[in-house]
Amino acid sequence: MPGRQSIRFAGTENSCIIQGVERRSPGKSAPYATVLAALLAGVIQSSSIAKPPNIVLIVADDLGYGDIGCYGSTQNRTPNLDQLARNGVRFTDFHSNGPMCSPTRAAILTGLYQSRFGRRFESALSAARGDAGLPLEAVTIAELLRDKGYATGMFGKWHLGYEPPFLPTNQGFDEFRGLVSGDGDFHTRIDRSGNEDWWKNGTIEMERDAYTTDLITRDSIDFIERNKDRPFFVYIPHLAIHFPWQGPKDPPHRKAGTNYSKDKWGVIPDRSNVSPHVKAMIESLDDSVGKIITSLEEFSLTEDTLVIFTSDNGGYRDYAGGFENISDMGPLRGEKATLYEGGHRVPAIISWPEKILPSVNSETTMTFDLFNTIAKVAEINSTSYAKGDGRDLTNLLLKGEQVPPRMLFWRMGKTKAVRQGKWKLILRGEQSPELYDLDQDLGETQNLADTNPKILKSLLDALAQWESSVDASARAFEN
Ligand SMILES: [Ca+2]
């Protein structure tokens, strides 16, 4: 592994030092040596962006921190994601806003803590509340981009409202093809309640005899091709690797009209080892990323397109009913639906060839930062996003600058967490507070609350203030 270096870029108006960045040897990537030389000469600056880029935002579902090769998996083959990481910035301390599906999706699209829309956005939205969804008053990144002249398409899993009017086409997307619920069978596209769940814009239009990941890929590439001559934003929230755990060659499981709430996982011959099915899902997901990158190359859009890949939350290690050996969170404690690192520290890669230097970055970053970052590179007026909760990461991406210090917060029911620098506070209901030093103890094994009372109090006070702020915002939306 290459060591840390500090590099000063001379010649820019504000010379900057890359810190917290592990720089990788360019190796065979000669173009990046050229880019570095250009940067050193002050040729490329953030202000020199000629025209706003296309945006491809790919979000995996329940993909754990250690599930892909460039994050340490030796089990799953992910050459396309690994290549994307070699060509872009790979984040090692990037966090989903929530440890479940709906919360993070709300934060991606709005740049706000999902708690600002009410407590129901702190866990997965349920079909039982069909009248609930991301409030239409929320300003989404798709709306901002559409107003800026972008074509906007979404292909994949929505999970921010099960019924009209809470569909993507009412939240800034010109086109939508995919599912609205939390999970559909990958072969039959039947949701866990036994309903058909495959939409085209505002109506259900089923497709059979295909694998969901492949359909999402096909439709995304079709959208890119149709809009290749204008700026476009394509949001690709894959269903993979959420259950049902079905690879392309696994059998269909769900049929219309049957309730699968207690049998929603797929057909798993060996419940104690789900990983072969998950491996097939991950490798299919990786194949999809490769096809999308190839399509950008074929349409000569590579240098004009910002590509983002991340996951909406951590993976499951095991699941009720004896399902085991599902996802890999690497060195992290916890899993999906917990606020230990394994629940919300996720893979994140951002690539923009010839603009962003490849690196591995250890700045603490969060999903809602993507909102401001996309808005900034699209040259959207900052009054539209400056008051949001996320930060614009363009100076990190284009100049290697650090993110200014801040606190980050999570809340899911009675479980809450705060992050400031190396410190992580976790509150689990009425249990004693847990305080971890992530620099020394990434696996969150040693509770240091008793020996650091001042830090504990400061984080508890900040949490109370944050809760008060988001709860005040939410009163406008809760009913
Ligand atoms: Ca998820």
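This is a predicted model: local features need pLDDT of at least 70, side-chain atom pairs count only at pLDDT 80 or more; totals for chains, interfaces and linings use all residues.
With 12 C-beta neighbours inside 10 Å, Glu-379 counts as exposed. Asn-325 is another residue that has a positive phi, of about 60°, although it is not a glycine; Asn-325 is found in the loop between strand 12 (305–311) and helix 7 (341–344), where it is partly exposed, with 15 other C-beta atoms within 10 Å.

Ile-241 is found in the loop between strand 11 (232–237) and helix 6, and Pro-244 lies in the loop between strand 11 and helix 6.

### The chain and its core

The protein chain has 10 helices and 19 strands, and 52% of its 479 residues count as buried. Among contacts between residues at least 6 apart in sequence, 66% join residues at least 24 apart.

The largest nonpolar core has 116 residues, and those with the most contacts inside it are Val-56 and Ile-308. Helix 6 (residues 275–298) gives the most to this core, with eight residues. Domain 1 (53–404) and domain 2 (408–474) both give residues to the core, so it lies between them. Residues up to four places away in sequence aside, Val-56 touches Val-234, Ile-236, Ile-292, Thr-305, Val-307 and Ile-308.

Val-139, in the loop between helix 3 (101–110) and helix 4 (141–147), is partly exposed, with 18 other C-beta atoms within 10 Å. Val-139 and Leu-109 are 30 residues apart in sequence, yet their C-alpha atoms are 8.0 Å apart in space. Once its neighbours within four places in sequence are left aside, Val-139 is in contact with Thr-110 and Leu-144.

| Hairpin | Residues between the strands | Glycine in the turn and its phi |
|---|---|---|
| Strand 17 and strand 18 | two residues | Gly-421, about 60° |
| Strand 18 and strand 19 | five residues | Gly-429, about 55° |

Strand 17 and strand 18 run antiparallel and are joined by six bridges, with Gln-420 opposite Trp-423 in strand 18. Strand 18 also pairs with strand 19 (residues 434–437) in the antiparallel sense, over four bridges, and here Leu-425 stands opposite Leu-435 in strand 19.

The 22 residues of helix 10 (residues 453–474) should span 32 Å at 1.5 Å a residue, which agrees with the 31 Å between its end C-alpha atoms. In helix 10, Leu-459, Leu-463 and Val-470 are buried; they cover an arc of only 45° around the axis, which puts them on the same side of helix 10. The face turned away from the buried side of helix 10 carries exposed residues, among them Pro-453, Lys-454, Lys-457, Asp-461 and Gln-465.

Note on methods
Residues are numbered from 1 along each chain as its sequence is written. The expected span of a helix is 1.5 Å times one less than its number of residues. A residue is buried if 20 or more other C-beta atoms lie within 10 Å of its own, exposed if 12 or fewer, and partly exposed in between; C-beta atoms are placed from the backbone. The arc is that of the directions from the helix axis to the C-beta atoms. Two residues are in contact if their C-beta atoms, placed from the backbone, lie within 7 Å. A nonpolar core is a set of buried Ala, Val, Leu, Ile, Met, Phe, Trp, Tyr and Cys residues joined through C-beta atoms within 7 Å. Domain bounds come from an automatic or database domain assignment. Two strands pair if DSSP finds at least two bridges between them.
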